[in-house]
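Please open the structure in your viewer and keep the selection tool at hand. The tour goes from the whole chain to a few selections, each with a note on what is there.

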Amino acid sequence: MSASLPPSLHDVLSDLHQRPYPHVPNPPSCKKRASVALILRVRPTYNHWPDSSSLSPPDVAASVPQRLQTFFSQDWVQNGEPEALFIKRASRVGDRWTGHVALPGGKRDPEDVDDKAAAIREAVEEIGLDLTKSDCIHVANLPERVVTSSWGTVPLMVLCPYVFLLTSSDSPTLRLQPTEVASTHWVPLRALLSSSLRTVEHVDMTQRLANMGGLLARLAYRSMMGYMQFSAIRLAPTESLQCNSTPGYIPEGDQPPSSLIQRWKSWCLGSQTHSNKQDQPLLLWGLTLGILADFLDMLPPHTAVQLWKYPNFTALDLRFLINVLTYRLRKHNRSQVRSGARPSNTAVDSQTAALPVTKTTTTNGDAEHNQVGIGGLGVGRYFGSSDTDPTGSAYAVGIMLRGYYERVRIAIYIIVAWRIALGSTAAIYAWKLLRRLK
């Protein structure tokens with residue numbers, strides 16, 4: 001796969017530049033926009049190391065297709081290893097994405113000219129990388145999407161991903177912002193495409209209930225539903241950079257196993273208790289995986305749809321009920337995806353996530369706005385007039401998740417009612433038994 005990946009990447013980047021994705025306007029009740037940068041590079045291999053004397057300065061006056069053609073025609077690029085840059089966010093109290101693997105980016109400021117300018121500015125601020133230099137090509141954008149809250153239908157922001165390609169054979173010097181970024185990681189695209197690195201991430205959805213009953217309510221909800229499972233990719237970086245602003249800092253080695261009290265505290269407070277530890281596995285999941293899937297599904301072996309798994313819960317009875325209630329729906333939706341001409345976006349969400357805009361048609365032939373933001377059990381809706389895809393492409397997960405979360409809700413209602421009925425019956429029998437014993 002490594003030898004065939006650079007030419008395939010060239011084709012994908014050229015196609016993205018020639019067919020940009022449409023602009024997604026803000027919902028009426030949401031004014032925030034954010035941008036992220038998918039930064040790519042090609043790492044030279046040992047047997048095809050570039051000769052510095054043969055490298056010519058980039059022609060910034062040339063068009064993007066010409067610059068891409070010149071770059072990918074080089075021998076060291078054709079035999080190189082394409083990689084993507086990820087950051088691990090610094091741990092911050094109150095940040096819903098604390099400690100997550102993500103792409104460089106952030107919210108758009110009023111002084112930003114457009115969404116792309118926001119992505120460029122954030123890359124400079126977070127990792128010290130200037131994406132306007134001559135050795136960087138702004139290729140195109142990926143589908144913009146409306147991000148909604150996990151447990152509701154409230155739009156949070158419109159997220160705009162942009163693709164950049166570094167054309168230098170040297171690894172760029174990065175300067176990490178300690179309050180924003182804990183570390184950076186270059187990961188080969190072939191690792192992201194590999195089935196052997198697919199896994200799941202367990203998410204504590206009860207963390208959203210901190211203001212609805214406190215710890216006891218969270219423990220009760222978790223005992224009913226367990227954790228929620230989402231598709232994930234275990235990252236295998238070729239180059240990592242840790243960030244620390246403390247003089248004389250020495251990285252921690254292997255830590256001894258935590259005590260029973262620490263484990264119980266971690267279970268009560270949620271999975272983010274130790275998210276800042278460096279020995280935790282790097283998992284790409286959630287919103288960032290959804291963004292990457294739009295891109296990865298264009299590359300060989302084109303198996304991302306088959307590798308993707310539906311979200312579910314760890315509680316066995318709830319998991320079984322969801323599988324039963326959604327069996328025919330999942331089978332129907334997968335068949336629709338397989339019949340599509342060009343499925344993309346093959347990953348799903350996290351605590352907060354979104355799906356790109358797709359267009360459906362009502363019985364009278366009118367266009368209908370599709371649900372596009374799904375995080376946990378929350379569903380968002382796209383508000384705007386330009387929800388059509390000019391290429392006529394379908395988004396795989398947008399099809400696969402149609403109606404899925406509605407049935408998940410039904411399963412949760414049934415399980416909650418069943419648990420309450422079962423608990424009430426047990427309490428009544430226990431009370432009667434105590435009366436007899438007295």
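What follows is a walk through a predicted model, beginning with the chain as a whole.

If you display contacts between residues at least 6 apart in sequence, 80% of them join residues at least 24 apart.

Next, select residues 5-18, which form helix H1. At 1.5 Å a residue, the 14 residues of this helix should span 20 Å, and the distance between its end C-alpha atoms, 20 Å, agrees with that expectation. Colouring H1 by burial will pick out several buried residues, among them Leu5, Leu9, Val12 and Leu16, and also the polar Ser8, His10 and Ser14.

Now move to strand E2, residues 81-89, where nine of the nine residues are buried. In a regular strand the side chains alternate between the two faces of the sheet. On one side of E2 lie Glu81, Glu83, Leu85, Ile87 and Arg89, on the other Pro82, Ala84, Phe86 and Lys88, and both faces are covered.

Strand E1, residues 33-43, pairs with E2 in the antiparallel sense over four bridges, and Val42 stands opposite Pro82. Strand E8, residues 181-188, is also antiparallel to E2, over seven bridges, with Thr184 as the bridge partner of Ile87.

How values were computed
Residues numbered from 1 in each chain as written. Predicted model: local features only at pLDDT ≥ 70, side-chain atom pairs only at ≥ 80, totals over all residues. Heavy atoms only, no water. Helix = DSSP H or I, 4+ residues; strand = E, 2+ residues; numbered from the N terminus. Expected span 1.5 Å × (residues − 1). Buried < 20%, exposed > 50% of the residue type's maximum accessible area, 1.4 Å probe, protein only. Contact = heavy atoms within 4.5 Å. Pairing = 2+ DSSP bridges.
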